Each structure stands twice: as structure tokens, then as C-alpha cells.
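Please keep the structure in view while reading.

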Amino acid sequence: MSVPGEDGAATGPYTNVSASGGWTGAVRRRAVKALPPAKLLPDTQPAYMASWIYVFGVLTLSSLIVALVSGGLLALKGPGWWHVSTTGRYVNSLHLLSVQLLMFFMVIHLWGKFFMAAWRGGRALTWITGAVCFFTAIGTAFTGYLVQQNFDSQWIAGQAKDGLNAVGIGAFFNVMNFGQMLMWHIVLLPFVLGLLTAGHILLVRWRGIVPPIGATDPAAGGAAAPAARDAR
């Protein structure tokens, strides 16, 4: 039976070669150093966090969660459910409404952060991931319109194929191929969008939110301006 030693390493027949070795330990230490629990789930934020632009960011995330959950139900039940069943039509409508709200909230959040120059203070990657999320959401919504299985989706696919062929991507992104568009819509793009969103949130936690133009960034070690005092 092994017994933990002074440095946490096991002793006895199963003694660890090194308590701090291995890539898993290195990744864990770097992750904890970059995002300690108090920084990952903070209970205080700068006073300038109390802004509507961040409310729209939270609303964007909430709409995305509703879209993913309702989309998962639609994928589980199939078109025979969302076209005929009363509950299915309700969930289908909820999915569409959540996507429309997602795009509305995201555009306001994106433009607001653009005019705030949110890439300041080493936050370029935070800004880039947010912008890429927007374009990925457009692609996800577009493929969703293509798999409605009605005349609307047929008309959209027929119009889009000419444009996509004109720019040379129609050979591997065939909007007339229902099976391919369905997989893009329910697997690839939601996975990429979820991954980018998680990365965007982690970057916000890591770098902190950008202070208003002209205010001092407490994260940079400077004295906080009156508008940048911590607020509970």
C-alpha cells in the first residue's frame, strides 16, 4: 500500500518517479496559474462592468444555450416530429426565435465592443474569437435555413449555389446536398461555435474586461480611476 510522502508523492511499491513530472501536471499548473479559481469565477468586477453592453453579451450566451438545447431536441426527434407534432412545432419555433435573438444580441454586443476598442490591453485574441464566433454563427444559421425541408430552403439553396460556385467553394460545400448541410448544421458548426464561445469566455476571464477609453486598467497594475473601482 502506498503512502503519500511529504511532497505528495506516493511511497512504497508504487512510488511515483516524480510528483511534478508529466505533461498533465505541467498543463494543470499552467492552467491554474493563468486562471486561478478566484479569477475563473470571480465574485467582484470593476465598476465599469455595470454596462448594457455586457448584458447583451450574457443575453447572447443565454440565447446560444437555448438554441443548442432546442436544436438537440429537434435532432433527437426528427422532422416527422417538428413538422407534425404540436410540441415539435413549438420547439422548432423556439429554436428559430432563439437563433434570431442570438444574432440580434450578438450584433449589438459586437458593435458595442468595436466602438469601445475592446482589443486594447493585450485583448486582441479576445476580440478576434468574438468576431469569429459571429461569422461562425452566420454559417450555422445559414445551414439551418437549408435543412428546413420546405420550399423556403429549396429557394435559398438554389440561390446560394450560384454564388458559392462563383467563388469556387461549391465543390466541397454543396448547398444542394441535404445530408451534407444537415451534418454541418447539427455537428460541425455547433461544435466549432461552442468551442469558440468557451474560449472567448476564458479569454475574458484571463485578460479581464476592457476599461473605458481614458480609464486606468486595474489589471495593468495602475491606480484605478474613479470609474474603475471594484464593485460588489
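Which helices each supply at least two residues of the lining of the second largest pocket? That lining draws at least two residues from each of α3, α4 (79–84), α5, α6 and α8. The points below place this answer in its setting.

1. Basis of the note. The model is predicted, so local features need pLDDT of at least 70 and side-chain atom pairs count only at pLDDT 80 or more, while totals for chains, interfaces and linings use all residues. Residues are numbered from 1 along each chain as its sequence is written, and side-chain values use heavy atoms, with hydrogens and water left out.

2. Overall architecture. The protein chain holds eight helices and four strands; helices (H or I, at least four residues) and strands (E, at least two) are DSSP runs, numbered from the N terminus. Read from the N terminus, the order of elements is β-β-α-α-β-α-α-α-α-α-α-β. The chain has 232 residues, of which 31% count as buried; buried means under 20% relative accessible area, exposed over 50%, and partly exposed in between, with a 1.4 Å probe and protein chains only. Among contacts (heavy atoms within 4.5 Å) with a separation of 6 or more, 65% join residues 24 or more positions apart.

3. The second largest pocket. Its volume is about 780 Å³. On a 1 Å grid over the protein atoms alone, a pocket is an open set of points where a 1.4 Å probe fits, with protein on both sides within 12 Å along at least five of seven lines, and lining residues have an atom within 4 Å of a point. Grid points are joined across faces, edges and corners, and a volume is the space filled by probe spheres set on the points. The lining comprises 32 residues, with L74, H95, G144, V147 and H185 nearest the centre. Helix α3 gives the most, seven residues. By type, the lining of the second largest pocket has 19 nonpolar, 13 polar and no charged residues; here Ala, Val, Leu, Ile, Met, Phe, Trp, Tyr, Cys and Pro count as nonpolar, Asp, Glu, Lys and Arg as charged, and the others, Gly among them, as polar.

4. The largest pocket. This pocket holds about 1,100 Å³ of space. Its lining has 41 residues, and those nearest the centre are Y54, H200, I201, V204 and I209. At least two lining residues come from each of β3 (45–46), α3 (52–77), α5, α6 and α8 (178–207), and α8 has the largest share, eight residues. The lining of the largest pocket divides into 23 nonpolar, 11 polar and seven charged residues.

5. Aromatic pairs. The whole structure contains 11 aromatic pairs. Rings of Phe, Tyr and Trp (its six-membered ring) pair if their centres lie within 6.5 Å; planes under 30 degrees apart count as stacked, over 60 as edge-to-face and the rest as tilted. The F114–W127 pair is tilted because its planes meet at 40°, with ring centres 6.1 Å apart. This pair links distant parts of the chain, 13 residues apart: F114 belongs to helix α5 (residues 86–115) and W127 to helix α6 (residues 124–146). F114 is partly exposed at 36% relative accessibility, and W127 is partly exposed at 21%. F134 and F135 make an edge-to-face pair, 5.5 Å centre to centre with 65° between the planes. Of these two, F134 is buried at 16%, whereas F135 is exposed at 58%. One aromatic cluster consists of W111, F114, F115, W119 and W127.

6. Charges over rings. A charge sits over a ring if NZ of Lys or CZ of Arg is within 6 Å of the ring centre and within 35 degrees of the ring normal. K77 lies over the face of W81, 5.9 Å from the ring centre. R207 has its charged end over the ring of W206, 4.3 Å from the centre.

7. Backbone and packing details. Most residues other than glycine have a negative phi. A117, in the loop between α5 and α6, has a positive phi near 50° and is buried at 13% relative accessible area. Q149, in the loop between α6 and α7 (151–166), has a positive phi near 65° and is partly exposed at 40%. V91, in helix α5, is buried at 8%. Leaving aside residues up to four places away in sequence, V91 touches S70, L73, L74 and W81.
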